[in-house]
Amino acid sequence: MINYDLEIKNGWRKASDLLKAKQWDEARDALDYCLVLLSQVVLERRSKDTDKLGGVKMLVWYERVWVNLEKYNLLLS
């Protein structure tokens, strides 16, 4: 069983570190992994945007991930 609270925090931390190190491909992968985790939580727990994961609202996690994907031009076309 996956501890999603811990996984999302670790995934976000890893993505942030990779962005700071300008390792763009790895950062994109880490951010994509965060999106997968968020999707799994929604499917398994039927979570809403206002529900919390790792002490943070789901909507905030989505915004963090998407903003960084867009900010660093990491969205694949």
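Student: Where is Val 60 found?
Tutor: Val 60 sits in helix α3. Helices here are DSSP runs of H or I with at least four residues, strands are runs of E with at least two, and both are numbered from the N terminus.

Student: What kind of model is this?
Tutor: This is a predicted model, where local features need pLDDT of at least 70, side-chain atom pairs count only at pLDDT 80 or more, and totals for chains, interfaces and linings use all residues. Residues are numbered from 1 along each chain as its sequence is written, and side-chain values use heavy atoms, with hydrogens and water left out.

Student: Back to Val 60. How does its accessibility count?
Tutor: Val 60 has 30% relative accessibility, so it counts as partly exposed. Buried means under 20% relative accessible area, exposed means over 50%, and partly exposed lies in between, using a 1.4 Å probe and protein chains only.

Student: What separates Val 60 from Asp 17?
Tutor: Their C-alpha atoms are 19 Å apart, and the two residues are 43 residues apart along the chain.

Student: New topic. At what angle do α2 and α3 pack?
Tutor: At about 155°, with their axes 10 Å apart. That makes α2 roughly antiparallel to α3. Axes are lines fitted to C-alpha atoms, for helices over the stretch in contact, and angles run from 0 to 180 degrees between N-to-C directions. Under 35 degrees counts as roughly parallel, over 145 as roughly antiparallel, 65 to 115 as roughly perpendicular, and the rest as oblique.

Student: Is that crossing left-handed or right-handed?
Tutor: The α2 and α3 crossing is left-handed. The term means that the near helix is turned anticlockwise from the far one by less than a right angle; clockwise would be right-handed.

Student: Which residues meet there?
Tutor: On the α2 side they include Leu 31, Leu 35 and Leu 38; on the α3 side, Trp 61, Val 65 and Leu 69 are among them. Contact means heavy atoms within 4.5 Å. The residues of this contact divide into twelve nonpolar, two polar and two charged. Ala, Val, Leu, Ile, Met, Phe, Trp, Tyr, Cys and Pro count as nonpolar, Asp, Glu, Lys and Arg as charged, and the others, Gly among them, as polar.

Student: And what do the buried residues of α2 pack against?
Tutor: They pack against α1, β1 and α3. Ala 27, Ala 30 and Cys 34 are among those buried residues.

Student: How do α1 and α3 cross?
Tutor: Their axes come within 12 Å and cross at roughly 20°. That makes α1 roughly parallel to α3. This crossing is left-handed too.

Student: Which residues meet in that pair?
Tutor: Ile 8, Lys 9, Trp 12 and Leu 19 in α1 meet Trp 61, Arg 64, Val 65 and Asn 68 in α3. They divide into five nonpolar, one polar and two charged.

Student: What comes after α2?
Tutor: Arg 46 follows α2. Its place is in the loop between α2 and β1. Arg 46 is exposed, at 68% relative accessible area.

Student: What about the phi of Asn 73?
Tutor: Asn 73 has a positive phi of about 55°, though not a glycine. Asn 73 lies in the segment after α3 and counts as exposed, at 66% relative accessibility.

Student: Last one. What does Leu 75 touch?
Tutor: Leaving aside neighbours within four places in sequence, Leu 75 is in contact with Trp 66, Leu 69 and Glu 70. Leu 75 is partly exposed, at 40%.
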